[in-house]
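Welcome, and thanks for taking a look at this one with me. Below are my notes, in numbered points, to read alongside the structure.

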Amino acid sequence: MKKTLLSSLGGVLLLIVVVYSIITWWSGDHIEQDTRNGIEVLNERLADSGLGPFTIKEIDYKRGVFSSEAVYVVSLASATPDAQPIDLKIRSKIDHGPLPLRSLLNAQFAPHLAVIHSSLEPTPYTEKLFEYTKGRPFIEGQTLLDLNGDAHSDWTLLPLDVAQNGVHTVFSGAKIKVNVGANLKTWQTEAELASLDLTGTALTVSLRGVRSYNNSQDNPTGVSVGTRGVAINDLQIKRAGLPNLKLTDLQSRFILNENEKLLDGVFSYDAGSLIIGTKDLGKLNLLASFDHLDAETVKSLANFFGSIWLRSLSNAPDQELITSSDVKAFWQQMQVLLKDKPSFHLNPVSLKSSTGESKLELHLAMAPAEVKPSGVGLTSNPLGAFHASLNVSRQLALTIWSEIKRADGMPENKAQQAAEKEINTALFLASIAKLVRVSGDSLSASLTLDQNVFKLNGNSTSASGFLAWLEATTPQGWLSSNAPTAQEDPDDAISKRNFDPQSLIEILTSQGRKFEQRKDDQSDPVIQIAPEDTGATRLEFVFVGCGSDPTCEDVVLRAIYEPKKPLATKRVSDWNQDHSLAKARINTSQEPVLEMDISTYGGLSKDSMQSMVSDFFGLVKDFNKALNQKVGD
C-alpha cells in the first residue's frame, strides 16, 4: 500500500516538474520575443521624442528552461564617424514565470511573467565609475513583469564621492521606481535622492531632499502628455563675486495636454523662501502657460536642437556648429508653428514678503508669418498682441543691489548707502525718460503691442524701432541672409557655393543613369532616378528650398523601399548605430527610407560632390541588403 502511494506521489511530482518546466520554457520564449519587440518600440519612442541619438540594442541572449540571461547596450551615437559612441552595458538575469523558481525558493508565490534582475556592466566608458564604487555596479534594479505585460521596476544608484577635473562630487545615491504599461504607452516614475553636492573653484551647488515624479502617456502624434514635477527641500548656489542664492521648499509641476494635434500646457513653480546673500526676499511663485502649439512641429524642433546638441559633443574646435542650412530649417519650422497662432502667458511671476509684493505679468499672442525668400527670417512681424506689466518695490531693488555689492567685498553699511544712492539715481532718470512710473515705495512699467503699435506706459511708439533693435542684437545669420562671418569663402574656382540641378545631372549622366526632372509641392526641383539594381523602389534627389531661393545650399538624396519589411524598425535602428553618412527611418506609409544630405555651405568641389553621390548609391545597395536579412542574421 505504501509503495503504491509513494509511487503515485512520485508520478504526480514528476508530472508537476514536467508541466512546470514546459510552462517556464514557454514563458521564457514569450519573454524573449516580447523583450525584442519592446526594444523596437522603445527606440521608436526615443526617436519621436527627439532622443534619436540614444538607442538600445540587445547584444546577447541565452535562454534556459527556468531562467535566461541577456545583455543590452544603451548607446549615445556620435555625430562624426571617427568619434566613439558612449555605451552603457546592462546585464539582466531573467527568472521565468508564471511562478519564478527563485521566488518560490524565497517563499514568494505571487504570479509574474518574469522577475528580472539587472545591473550595470563595465565598459571603456564606465570602467572609471567601477573604480569609484570599488567594483560594485553603480546601477542595479529588479523588474516584475506582470502577466498582462505591465512592468514594475525598482532601481538603486550607489553613493559616490569623487574629485575629478577640479570638481568634487558627493552624491548620496538614489532610488527610482518605474511603472510601465503594456506596449510602453503609459509611464509612471518616482525618484528620490537625499543630497548632491558639486564643489568647484568658482561655483558650488548643493541640493537636499530631491523628489521627482512623472505620470504620462503617449498620444497618436508620439508626444508624451501628462504631469511631471520636482520637489527640492533646499537648493543653494554659491558663485565667486556674486551673493549666495538659496531656495527652500521648491515645488514645480508641468502639465502637458494634446487636443487635435495641438499642445497646451501649464507650468507652476513655488519656493517657500528666496534668500540672496543674508536677506530673505520672501515667497517666490511662477505660473506660466501656453496653447496652440503644433505637436508635430514641436517634435521636429526637439529633433533639430537634439541633433545640434549631439554635434556639439564631437565637433572639432574650428568646425562650424550651426550651419546656414540649420538656420533655414529653423525658420521653416517657425513658419509652420506660427500658423496655429500660439500664445504664451506668465500670470504672474511674483515675490511676496513682509514689505510688499513684486510681480511680472506677460501675455503674448503670435500671428502667422511667412519665411523670407532667402529662407532666413520672417516677412512680417510675428507678434500679434503683447502685454507686459512689472511692479517692483523699491525695498526689493535696494536689497538685491546691496547684497551684490557686499559680495564684491563692500562693508554692509557702505553697501546699503551705495545701493540706495544708485537705485534712486536710476529711478529718477528712468522716470524722466518715462520708462517707469514711481509711486511712493513702488515702481511700475507696462508695455503693450496692438495694431503694430507699441505703448510704453501708455505712450505710443512704433514697433519698427523694437524690431530694428532685435535684428541688431541677434547673432548674425539668424535674422538676415548673410552667412556667418566665421565661415570664410573658399576658392570659387574649385568649389561650388550653391546647388543647381545641372550639377548633379552632369554627374548622373557620366555614370550612365536614367532620370527625369520634375518639381514637388514646394516648387523645389526634383531629379527622379531609375532604381535599376539598387533594391529601392524609388530614388530621388530633392533640392531643398530652391523653389524660392536661387542660393539654396542643400540637396537630399533619398531612397525609398518596399513597405512593411520584416523587422524593419530593428534594421533601421542597427543601421543608424553603424552609419553616420546616410540615416534611415520609417515613413508614415511604413516604407523604409534612406536619406543623405549634401550641403555646399562653405564650398564643395565637384570631385567631392561626385564622390558623395557614388557613396550614396553604394549605401542604397548596402541598406537593401540589411533590410532583406533573414531573422536571426
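1. A word on terms before we start: a residue is called buried under 20% relative accessible area, exposed over 50%, and partly exposed in between, with a 1.4 Å probe and protein chains only. Please keep in mind that this is a predicted model, in which local features need pLDDT of at least 70, side-chain atom pairs count only at pLDDT 80 or more, and totals for chains, interfaces and linings use all residues. Residues are numbered from 1 along each chain as its sequence is written, and side-chain values use heavy atoms, with hydrogens and water left out.

2. How confident is the predictor? The pLDDT is its confidence in each residue, from 0 to 100. For the protein chain the mean pLDDT is 79, and 78% of the residues reach 70 or more. Residues 1-21 stay under 50, and the model gives them seven contacts beyond four places in sequence, a contact being heavy atoms within 4.5 Å. Residues 482-495 are also below 50 in pLDDT, and this stretch has 25 contacts beyond near neighbours in sequence. Where pLDDT is low, the predicted coordinates should not be read in detail.

3. Next, some strands. Helices (H or I, at least four residues) and strands (E, at least two) are DSSP runs, numbered from the N terminus, and two strands pair if DSSP finds at least two bridges between them. Strand β5 (residues 139-145) pairs with strand β6 (residues 151-157) in the antiparallel sense, over seven bridges. The two make a hairpin with five residues between them, and glycine 149 in that turn has a positive phi of about 100°. On β6, threonine 156 stands opposite glutamate 140. Strand β6 also runs antiparallel to strand β9 (residues 174-180), joined to it by seven bridges. There, the bridge partner of threonine 156 is lysine 175 of β9.

4. Now follow the charges. A salt bridge here is a side-chain nitrogen of Lys or Arg within 4 Å of a carboxyl oxygen of Asp or Glu, and the structure holds 18 of them. One of these joins glutamate 131 and lysine 128, at 3.5 Å from N to O. Both residues lie in helix α3 (residues 127-132), three residues apart, about one turn of the helix. An α-helix has 3.6 residues a turn, so residues three or four places apart point the same way. Glutamate 131 counts as exposed because its relative accessibility is 52%, while lysine 128, at 40%, is partly exposed.

5. Is the salt-bridge partner glutamate 403 buried or exposed? Glutamate 403 meets arginine 406 in a salt bridge of 3.5 Å, N to O, and the two are three residues apart in helix α6 (residues 394-407). At 3% relative accessibility, glutamate 403 counts as buried, whereas arginine 406 is partly exposed at 28%. Elsewhere, salt bridges that share partners join Arg518, Glu540, Arg558, Arg585 and Glu595 into one network.

6. Strand β26 (residues 538-544) pairs with β27 in the antiparallel sense over seven bridges, and glutamate 540 has arginine 558 in β27 as its bridge partner. Strand β27 (residues 554-560) is mostly covered, with seven of its seven residues buried. Asp554, Val556, Arg558 and Ile560 point one way, and Val555, Leu557 and Ala559 point the other way.

7. A few backbone details deserve a look. The peptide bond from asparagine 347 to proline 348 is cis, with omega near -15°, and proline 348 lies in strand β16 (residues 343-353). Asparagine 165 has a positive phi near 55° although it is not a glycine; its place is the loop between β7 (160-164) and β8 (167-171), and at 76% relative accessibility it counts as exposed. Glutamine 590, another residue other than glycine, has a positive phi of about 65°. Glutamine 590 lies in the loop between β28 (583-586) and β29 (592-599) and is partly exposed at 43%.

8. Finally, which residues of helix α9 are buried? In this helix (residues 501-510) they are Ser503, Leu504, Ile505, Ile507 and Leu508. Glycine 512 follows α9 and has a positive phi, near 75°.

Technical notes:
pLDDT = per-residue confidence, 0-100.
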